[in-house]
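The exercises below go with the chain shown here. Try each task on the structure before reading its solution.

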Amino acid sequence: MKKIFVLLAMMACMTTASAQKVLVLYYSETGTTKTVAQELQKQLGADIEGIEAVEPYSGDFQATIQRGQREMQSGNWPALKALKSKLSKYDIIFLGYPIWFGTYANPIVTLVKSNDFDGKTVVPFCTFGSGGLNTSTDNLKKALPKANIKPGYGVRTARVASAAKELNRFLIENGYKKGTIAKLPDYSDQQPVTEADKAIFDAACSSYQFPLGTPQAVGKRTTDEGTDYKYTVKSRGFDGSETTSTIYVTVPNTGSNKAEFTEVVR
């Protein structure tokens with residue numbers, strides 16, 4: 001009898017989930033975040049809409065930084081074209097953006113200030129040079145206190161080709177999509193970095209345009225696809241003070257076996 005009740009409860013949850021309306025809503029300046037948004041839409045079968053600034057950004061890195069800084073300093077956030085989608089129709093909104101200045105891009109500031117997300121489930125997804133998912137998610141929670149901000153997905157621009165496989169896992173693990181996947185093992189406890197560990201870190205991180213620091217300790221896990229590393233790293237913050245970050249690196253079993261870092265969590 002207990003098994004029957006459990007089965008009925010699971011069926012009820014699946015029915016509720018399948019009845020929910022889902023929107024993939026995103027801002028993309030250069031097309032990278034759009035690529036991830038389209039993959040999400042494909043895997044979810046959801047509606048999708050891109051956010052557009054009335055005065056588009058140029059796509060030039062330095063020009064975007066300069067304009068973004070002016071907007072942040074003045075508080076004159078970019079005007080957006082009206083959304084075609086009615087947010088009130090949707091239960092779950094996957095909200096996508098590139099990371100600028102350590103958080104969501106400026107057009108998202110305008111979006112959350114000018115639209116009602118109360119009671120909505122919001123799932124962030126983002127693209128970045130090194131990281132920013134955690135900080136942007138925290139800022140969304142502050143900006144939208146009456147929305148249910150869920151754990152999100154982020155991918156480095158350099159690794160966007162990996163998004164399809166990673167999104168499949170993310171969506172199944174978090175109950176947005178049906179399917180089965182093998183559970184990933186936990187990382188081992190942090191241990192002092194060996195010369196071999198440092199060589200892997202350097203191979204993954206030394207070509208990045210900004211220094212990422214010096215690894216002090218590392219935890220590891222082995223999966224069907226390769227070996228993952230979780231480094232504790234000491235570096236200098238923007239103000240020159242010493243800071244600690246976590247840098248994730250993966251070395252796949254197949255292909256080039258090239259070590260690459262997947263995210264910096266500051």
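**Exercise 1.** Leaving aside its neighbours within four places in sequence, which residues is F117 in contact with?

Solution. The model is a predicted one.
- Step 1: locate the residue. F117 sits in the loop between α4 and β5.
- Step 2: list the partners. With neighbours within four places in sequence left aside, F117 is in contact with L87, I93, L111, V112, V122, L144, K146 and A147.
- Step 3: take a distance. F117 and I149 are 32 residues apart in sequence, and their C-alpha atoms are 10 Å apart in space.

**Exercise 2.** Find the largest nonpolar core and state which elements give two or more residues to it.

Solution. 
- Step 1: the largest nonpolar core has 29 residues, and L95 and I108 have the most contacts inside it.
- Step 2: two or more residues each come from β1 (22-27), β3 (92-100), α4 (106-114), β5 (121-128) and α5 (133-143).
- Step 3: β3 supplies the largest share of this core, 5 residues.
- Step 4: another core lies apart from it, with 17 residues that include V36, V123, V155 and A163.
- Step 5: return to I108. Not counting residues up to four places away in sequence, I108 touches Y27, I51, L95, G96 and Y97.

**Exercise 3.** How many residues of α4 are buried, and what covers them?

Solution. 
- Step 1: 7 of the 9 residues of α4 are buried, which leaves the helix mostly covered.
- Step 2: the buried residues in α4 are N106, P107, I108, V109, T110, L111 and V112.
- Step 3: the cover over these residues includes β1, β2 (47-51), α3 (61-74), β3, β4 and α5.

**Exercise 4.** Describe how α2 packs against α6.

Solution. 
- Step 1: helix α2 (residues 32-44) and helix α6 (residues 163-173) pack at an angle of about 50°, and their axes are 10 Å apart.
- Step 2: α2 is therefore oblique to α6.
- Step 3: the crossing of α2 past α6 is right-handed.
- Step 4: on the α2 side the contact is made by V36, E39, L40, Q43 and L44, which meet A163, A164, L167, N168 and L171 in α6.
- Step 5: sorted by type, the residues of this contact are 7 nonpolar, 2 polar and 1 charged.

**Exercise 5.** Is K165 buried or exposed?

Solution. 
- Step 1: K165 is placed in helix α6.
- Step 2: K165 has a relative accessible area of 55% and so is exposed, since the cut-off for that class is over 50%.
- Step 3: between K165 and Y97, 68 residues apart along the chain, the C-alpha atoms are separated by 19 Å.

**Exercise 6.** Where does T262 lie, and which residues is T262 in contact with?

Solution. 
- Step 1: T262 belongs to strand β12 (residues 260-265).
- Step 2: the relative accessible area of T262 is 18%, so T262 is buried.
- Step 3: leaving aside neighbours within four places in sequence, the contacts of T262 are F128, R156, R159, Y248, V249 and T250.
- Step 4: S74 lies 188 residues from T262 along the chain, and the two C-alpha atoms are separated by 34 Å.

**Exercise 7.** What is the phi of F101, and where is F101 found?

Solution. 
- Step 1: F101 has a positive phi of about 55°, although F101 is not a glycine.
- Step 2: F101 is found in the loop between β3 and β4 (103-104).
- Step 3: with a relative accessibility of 37%, F101 counts as partly exposed, because that class covers values between the 20% and 50% cut-offs.

Definitions and conventions. Residues numbered from 1 in each chain as written. Predicted model: local features only at pLDDT ≥ 70, side-chain atom pairs only at ≥ 80, totals over all residues. Heavy atoms only, no water. Core = buried A, V, L, I, M, F, W, Y, C linked by side-chain atoms within 4.5 Å. Buried < 20%, exposed > 50% of the residue type's maximum accessible area, 1.4 Å probe, protein only. Helix = DSSP H or I, 4+ residues; strand = E, 2+ residues; numbered from the N terminus. Contact = heavy atoms within 4.5 Å. Axes fitted to C-alpha atoms, helices over the stretch in contact; angles between N-to-C directions. Parallel < 35°, antiparallel > 145°, perpendicular 65-115°, else oblique. Left-handed = near helix turned anticlockwise from the far one by under 90°. Nonpolar A, V, L, I, M, F, W, Y, C, P; charged D, E, K, R; others polar.
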